[in-house]
Amino acid sequence: MSELSRLDPTGRFSGLAGLYARCRPDYPSSAISLVVSRFALGPGTLLVDVGCGTGISSRLFAARGVPVLGLEPNDAMRAQAEAAPSPPGAGALSYQAGQAEATGLADGAASAVVSAQAFHWFDAPSALREFQRILRSRGGVALMWNERDERDPFTAEYGAVVRTVPEAARVEGPRALAGQALLESALFERGERVRLAHGQELDEEGVLGRAFSASYAPTGPEAVERFAAALRDVVGRFQSGGKVVLRYETTVYLAWRKG
């Protein structure tokens with residue numbers, strides 16, 4: 001079991017559902033297109049989005065006409081996903097409780113499995129065995145993460161503030177390498193990793209919301225005020241017309257079920 005999977009990955013997001021839904025970034029259109037194309041997804045397939053949170057990635061895939069089942073163990077996050085309207089012309093979109101290591105789905109139920117910004121919270125060996133079980137023959141897995149691209153000056157300054165939180169490195173360090181488990185798994189083949197540029201335009205309130213939506217954000221009153229003041233200072237120095245752009249590098253890991 002990974003260190004992160006011991007840190008109450010379900011409960012630690014309680015109370016963050018609304019902020020998460022409003023302030024977390026989506027994923028680049030090119031990333032969604034990549035997964036849809038590689039796994040030949042369409043109206044006759046089923047994509048299972050594991051650890052779907054508030055449904056950000058689920059809606060993006062459903063908007064391409066792909067039927068999507070989102071699995072999320074946190075009740076508040078799942079309720080937020082269920083309350084959001086489906087995109088126009090979307091494929092069938094539904095949500096249910098379920099964990100990566102025990103989805104509750106039938107063998108061969110899924111054409112593809114996606115996990116966006118969540119796989120690092122799972123017990124990787126157990127989750128990959130479960131993904132292999134629920135996938136159809138020649139089905140595939142895609143793991144996606146938005147990570148800050150600190151080659152950008154504003155994003156670097158934002159990241160420096162985030163790293164003043166003691167637990168930030170404990171979460172962000174292992175997360176950066178989590179996708180390797182898929183590429184190295186004996187259950188999957190033809191693994192590949194693709195990196196794509198992405199950005200999120202935010203005002204000051206959005207920057208604070210983005211930072212405080214992290215599970216490791218400070219909670220004590222004095223720490224909250226120091227953290228918020230530091231973020232406001234960074235926004236004030238880089239904003240143009242009241243807006244800044246947080247830059248990301250979106251990494252997509254893909255692999256196909258053996259057999």
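Trainee: What makes A40 count as exposed in this predicted model?

Mentor: A40 has a relative accessibility of 58%. The cut-off for exposed is over 50%, so A40 counts as exposed. You'll find A40 in the loop between α2 (29–38) and β1.

Trainee: And what is the phi of A40?

Mentor: Near 50°, a positive value in a residue other than glycine. Most residues other than glycine have a negative phi.

Trainee: Which loop holds Q117, and why is Q117 called buried?

Mentor: Q117 sits in the loop between β4 and α5 (124–134). Buried means under 20% relative accessible area; Q117 has 10%, so the label is buried. Q117 also has a positive phi, about 60°, although it isn't a glycine.

Trainee: OK, on to S111. How do you know that S111 is buried?

Mentor: Again, the limit is under 20%. S111 comes out at 11%, therefore buried. S111 belongs to strand β4 (residues 110–116).

Trainee: What makes the link between the side chains of S111 and R136 a polar contact?

Mentor: The distance. A polar contact needs N or O atoms within 3.5 Å, and the S111 and R136 side chains are joined at 2.9 Å. Leaving aside neighbours within four places in sequence, S111 is in contact with several residues, including L41, T45, L46 and R136.

Trainee: How do you know that β1 and β4 pair?

Mentor: Pairing takes at least two bridges. Three bridges join β1 (residues 47–50) to β4, and the two run parallel. Within that pairing, V48 stands opposite V113 in β4.

Trainee: What is the strand order in the sheet, and what makes β3 and β6 edge strands?

Mentor: It's an open sheet of seven strands with mixed pairing, in the order β3-β2-β1-β4-β5-β7-β6. The strands β3 (93–96) and β6 (188–202) each pair on one side only, and that's what an edge strand does here. On average, neighbouring strands of this sheet are turned by 20° against each other, direction ignored.

Trainee: Last one: why is α6 called roughly antiparallel to α10?

Mentor: Helix α6 (residues 153–162) and helix α10 (residues 221–238) pack at about 170°, with axes 10 Å apart. Angles over 145 count as roughly antiparallel, so α6 gets that label against α10. Among the residues making the contact are F154 and Y158 of α6 and L231 and F238 of α10.

Trainee: How many nonpolar, polar and charged residues does the contact of α6 with α10 have?

Mentor: Eleven nonpolar, no polar and two charged.

Definitions and conventions: Residues numbered from 1 in each chain as written. Predicted model: local features only at pLDDT ≥ 70, side-chain atom pairs only at ≥ 80, totals over all residues. Heavy atoms only, no water. Helix = DSSP H or I, 4+ residues; strand = E, 2+ residues; numbered from the N terminus. Buried < 20%, exposed > 50% of the residue type's maximum accessible area, 1.4 Å probe, protein only. Polar contact = N/O pair within 3.5 Å; in protein donor to acceptor, adjacent residues only side chain to side chain. Contact = heavy atoms within 4.5 Å. Axes fitted to C-alpha atoms, helices over the stretch in contact; angles between N-to-C directions. Parallel < 35°, antiparallel > 145°, perpendicular 65-115°, else oblique. Nonpolar A, V, L, I, M, F, W, Y, C, P; charged D, E, K, R; others polar.
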